[in-house]
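Please examine the structure shown below, with attention to the backbone and to the surroundings of individual residues. The explanation that follows leads through a few selected places.

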Amino acid sequence: MPCERTKKKAAALIGLAAGSGIARALAAVLSSTGAPAAKLGVIDLPAAALTIAAGVTVTVASAAVPAFKSARTAAIAALRDTAAAASHRIGRFRLACGTAFILGGAAAWAMSFEAGLPLLALAGVAGFFGVVMVLPAVVPLFARALDRLPLGRSPVRLAVRHVGRNRRRAASAAAAIVLCTALVSAILIGAHSARTSVEREAVEEYPADYSVAGAEITPELVADLRDVDTLTVVHPRRTGTAEGLNVASTAPAIAERAGIDLAFGEGATVAVAEPAAEREGWATGDLIEINGVEATVTGVYPVGDDPAPLAAFDVLTDEATAAALLPRTPPTSVEILERAPSASAITAVTAAYPAMAVDDLVSYRESRTAGIDLVLRSMLALLFLSAVISVIGLSNMLSLSMYERVKEHGTLRALGTTRGGLRAMVTAESVFVSLLGAAIGIGLGLAGAYGAIRVIAADQPVSLEIPHAYMAVLVGATLAAAVAASLLPAASAARSSVIANLQAE
């Protein structure tokens with residue numbers, strides 16, 4: 001026992017040192033992004049004591065159930081082969097408890113949309129424990145589904161059957177992967193959804209990439225900007241009032257970014273906001289007169305409860321029609337869209353017009369999402385840590401499995417299985433367990449992220465957005481970790497002697 005306690009304390013100290021190193025790395029990342037310097041990675045006495053106590057407590061708690069089961073097993077029964085077979089059966093009580101946890105977590109998850117984030121967190125904990133309890137029953141079902149695939153009489157099919165036969169060990173390894181992928185995927189989806197919503201809001205507020213404003217917008221300035229090859233839209237914007245209507249000019253490409261679908265035709269054409277159209281009795285296709293100018297209504301755009309600044313105008317029109325409707329109102333700014341970074345080119349043009357100022361709205365939008373981008377980068381670091389945890393858990397599972405199947409490996413080699421075939425079998429077993437854990441974990445993470453967004457959406461405009469590229473990286477990293485975890489056990493199984501394996505008890 002003293003030796004075991006020493007090992008637990010040593011593991012806790014290693015974890016403490018690793019945590020300090022990770023914190024220092026995060027501090028370096030924060031400093032590189034221009035954020036205020038954070039004092040991370042400094043270990044104080046209370047934190048060290050808490051870490052060691054937590055490590056010892058978790059280790060003892062995780063050993064409690066196996067120790068209890070071992071103590072209850074009679075000595076004679078433990079010597080029988082049937083004892084090992086009985087240990088693979090899943091009790092009905094465990095399945096009932098796991099199902100109850102899952103159903104309770106699902107109910108709490110649904111109620112958390114109104115109750116808030118604390119209940120959502122409780123639902124996540126209950127759901128995870130429920131999944132862990134029923135995983136040993138899910139593993140054989142997963143293995144049978146894989147066994148129906150056209151795998152042939154190959155080592156891969158043997159790996160599938162090993163997974164189903166060693167359900168408890170496979171479930172234990174998969175549980176660690178479920179936890180890692182659930183946490184990482186939930187935060188990735190949540191952060192990406194928040195970033196997309198903030199970016200969408202910023203684009204609707206400032207749909208152009210650049211805005212040039214000053215004392216006087218001259219035709220020469222507009223012409224010089226239109227000569228820049230990397231600019232797709234250069235629009236001199238006018239805003240004013242005509243017969244009680246708020247009028248603004250814009251380009252369809254700029255309006256599209258603000259969520260407004262415009263299509264101006266030949267001659268004088270306008271688009272009208274729904275409230276103004278209802279008030280004036282106008283509809284698409286009508287010929288109307290404003291300030292003595294006859295114009296065709298090409299569309300009626302919705303305003304909504306929280307309209308973008310551009311949608312707040314009663315009438316939107318093109319450059320020529322705006323000049324006719326507002327003859328005494330000069331352009332107040334030049335709105336610009338780019339196809340490639342053009343800040344330096346725009347600055348070079350406006351340098352000849354000292355009264356002009358350039359607002360870089362691209363940089364403004366990027367600053368709005370900088371904090372969320374930092375969270376996403378941090379999640380990639382956590383993804384690496386989750387891969388390390390997965391490698392350790394899978395490697396332990398495979399090592400124990402290889403030890404128990406020494407004689408089986410000797411038989412397979414004697415029947416003609418090559419060393420490469422044994423390596424493929426072990427690798428496939430690791431990949432299948434990881435695939436099961438990643439599928440369940442991502443499902444839990446998606447449910448958690450959706451619940452959090454539903455709760456936050458009551459106060460903030462945010463919607464679920466799945467980062468497909470990041471999720472692909474998560475799955476790829478999990479499967480790569482599975483392959484890495486199988487390297488040593490597979491090499492050990494392939495190197496072993498056929499005769500020694502057949503003689504093993």
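Gly-214 belongs to strand E1, which covers residues 210–214. In this predicted model, the relative accessible area of Gly-214 is 36%. Because a residue counts as buried under 20% and as exposed over 50%, Gly-214 is described as partly exposed.

Which residues does Gly-214 touch, leaving aside those up to four places away in sequence? The contacts are with Ala-355 and Met-356. Ala-355 shows how the chain can bring together residues that are separated in sequence: Gly-214 and Ala-355 are 141 residues apart along the sequence, yet their C-alpha atoms are 5.5 Å apart in space.

The next topic is the backbone angle phi. Most residues other than glycine have a negative phi. Glu-243 is found in the loop that lies between strand E3 (239–242) and strand E4 (245–249). With a relative accessibility of 54%, Glu-243 is classed as exposed.

Where does Asn-291 lie? Its place is the loop between strand E6 (287–290) and strand E7 (293–301). Asn-291, also a residue other than glycine, has a positive phi near 55 degrees. The relative accessible area of Asn-291 is 38%, and therefore this residue is partly exposed.

Key
Residues are numbered from 1 along each chain as its sequence is written. This is a predicted model: local features need pLDDT of at least 70, side-chain atom pairs count only at pLDDT 80 or more; totals for chains, interfaces and linings use all residues. Side-chain values use heavy atoms; hydrogens and water are left out. Helices (H or I, at least four residues) and strands (E, at least two) are DSSP runs, numbered from the N terminus. Buried means under 20% relative accessible area, exposed over 50%, partly exposed in between (1.4 Å probe, protein chains only). Contact means heavy atoms within 4.5 Å.
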